[in-house]
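Keep the sequence and the 3D view open beside you as you go through the steps.

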Amino acid sequence: MVSYWMFAALLLLFGVVTGDCECGYSITAGSDDTQYIFTDLHETDFIHVDVTGNGEGEASHGWAPQGYNISSQASRGPFGESFAVKNVMSNINKDPKEFGGRGTLGSDAGLLLVVRDVLQEDRVPVAEISTTDLNYFYGTFRAGIKITDVPGTCSAFFWYQNDTQEIDMEFLSAQFDKSKGIFPVNLVLQSKDAAAAGFNAANTTGLRRVNLPFDPTTDFHEYRFDYLSDRVFFYADGNLLSEMTGSGVPTTPGHVLLSHWSNGNPGWSQGPPSADAVTTISYVKAYFNSSLEQRQQDFELRCKDPTESGAICAIPDHNATFFFSNGNNLTPNQTVYGGNGDNGTGDDDGGEDNSSSVLGAPVWAFWFSLALIYATF
């Protein structure tokens with residue numbers, strides 16, 4: 001009887017440590033519904049988490065607001081651009097149960113990317129935020145975005161390694177025509193061909209302009225691209241917009257960015273805007289294969305049997321309120337930054353799986369196991 005209770009206690013102690021999703025997160029894509037599995041995740045609920053370092057521009061929760069200037073010549077427009085950390089603003093909703101509503105700054109809750117209407121010398125004040133890690137390889141990348149309705153800016157959700165390894169979803173507010181229901185999104189693969197054409201993807205096969213079936217300025221919608229080894233799929237609200245293949249598909253790891261800018265280029269952003277323009281981000285969800293050797297080794301150690309029930313978790317389509325990071329033991333050996341209940345004060349030290357529900361399990365299991373063993377004597 002003693003050995004039975006000890007065995008049961010040890011099962012309890014060590015069994016609870018293993019969580020679901022230890023073998024990754026999956027999607028199905030393409031006409032044949034091929035399954036693709038990604039080992040790592042980075043989820044950010046911008047409605048409830050401050051990623052701006054309280055406005056100081058310090059990196060937080062795996063994101064860093066950008067601050068730098070580029071000349072008109074470098075920006076390929078009549079104006080330069082001044083990326084300022086103060087133009088990236090966290091406007092959180094302090095109610096952890098409300099996904100939406102007004103934030104502390106009064107407008108729609110989320111991350112605000114602001115383009116100002118007053119020039120700084122010959123530069124337009126603009127906004128950009130980037131992931132701090134550069135190891136995002138193949139994956140599925142999603143963002144909830146409400147686009148500005150002020151003409152003369154470009155709102156962009158993109159993956160970037162360099163100017164010839166880039167995946168873009170770009171929204172040019174000057175192209176919108178509400179009276180005619182015209183709301184295009186520009187899907188771009190910046191490649192060596194685009195570089196040879198003066199970084200004008202319009203002169204290559206790497207640009208497709210697709211009209212959205214909704215007005216992107218009136219509400220949040222999910223925009224997504226799946227970066228795979230031989231193709232890129234683009235989606236809006238879970239509906240396939242386009243598929244691109246060929247030499248323009250990137251072949252390296254990179255990082256994820258969101259930007260809102262204008263340089264007055266009449267062939268692209270137009271502008272600058274006549275009033276401050278705000279594009280708002282409600283979330284970003286990245287499920288990807290890390291290019292870091294340590295993360296690959298971690299995956300091999302935790303994924304014992306991918307055929308086990310719950311070992312691979314399907315990623316929900318177009319679900320603005322679902323985060324694996326907020327679930328119970330759904331992010332084993334992952335880096336998470338605190339749930340929506342911490343109002344932006346969650347752990348952001350890059351540690352592994354900082355969810356209290358996950359870390360707490362071995363503690364109570366340990367003491368309960370000791371009690372069971374003690375009871376047998």
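On a 1 Å grid over the protein atoms alone, a cavity is a set of points where a 1.4 Å probe fits but cannot get out, and lining residues have an atom within 4 Å of a point. Grid points are joined across faces, edges and corners, and a volume is the space filled by probe spheres set on the points. The model is predicted: local features need pLDDT of at least 70, side-chain atom pairs count only at pLDDT 80 or more, and totals for chains, interfaces and linings use all residues. Residues are numbered from 1 along each chain as its sequence is written, and side-chain values use heavy atoms, with hydrogens and water left out.

**Exercise 1. Find how many cavities of 30 Å³ or more the whole structure has, and list what lines the second largest cavity.**

Step 1: A search of the whole structure gives 3 cavities of 30 Å³ or more.
Step 2: For the second largest cavity, the volume is about 50 Å³.
Step 3: Its lining consists of Arg 142, Glu 222, Lys 285, Tyr 287, Ile 315, Pro 316, Asn 319 and Phe 322.

**Exercise 2. Describe the disulfide that joins Cys 23 to Cys 303.**

Step 1: The S to S distance between Cys 23 and Cys 303 is 2.0 Å.
Step 2: The torsion about their S-S bond is about 100°, so this disulfide is right-handed.
Step 3: Cys 23 lies in the loop between α1 and β1, while Cys 303 lies in the loop between α4 (293-302) and β20, 280 residues apart.
Step 4: Cys 23 and Cys 303 are both buried.
Step 5: With the bonded cysteines numbered in sequence order, the pairing reads 1-4, 2-3.

**Exercise 3. Explain why the buried residues of α4 line one face of the helix.**

Step 1: Arg 295, Asp 298 and Arg 302 are the buried residues of α4.
Step 2: Seen down the axis of α4, these buried residues fall within an arc of 55°, so they line one face of the helix. The arc is that of the directions from the helix axis to the C-beta atoms.
Step 3: An α-helix has 3.6 residues a turn, so residues three or four places apart point the same way.
Step 4: The face of α4 turned away from the buried side carries the exposed residues Glu 293 and Glu 300.

How values were computed
Disulfide = S-S within 2.5 Å. Helix = DSSP H or I, 4+ residues; strand = E, 2+ residues; numbered from the N terminus. Buried < 20%, exposed > 50% of the residue type's maximum accessible area, 1.4 Å probe, protein only. 1 Å grid on protein atoms, 1.4 Å probe; cavity = no way out; pocket = protein on both sides within 12 Å on 5 of 7 lines; lining within 4 Å.
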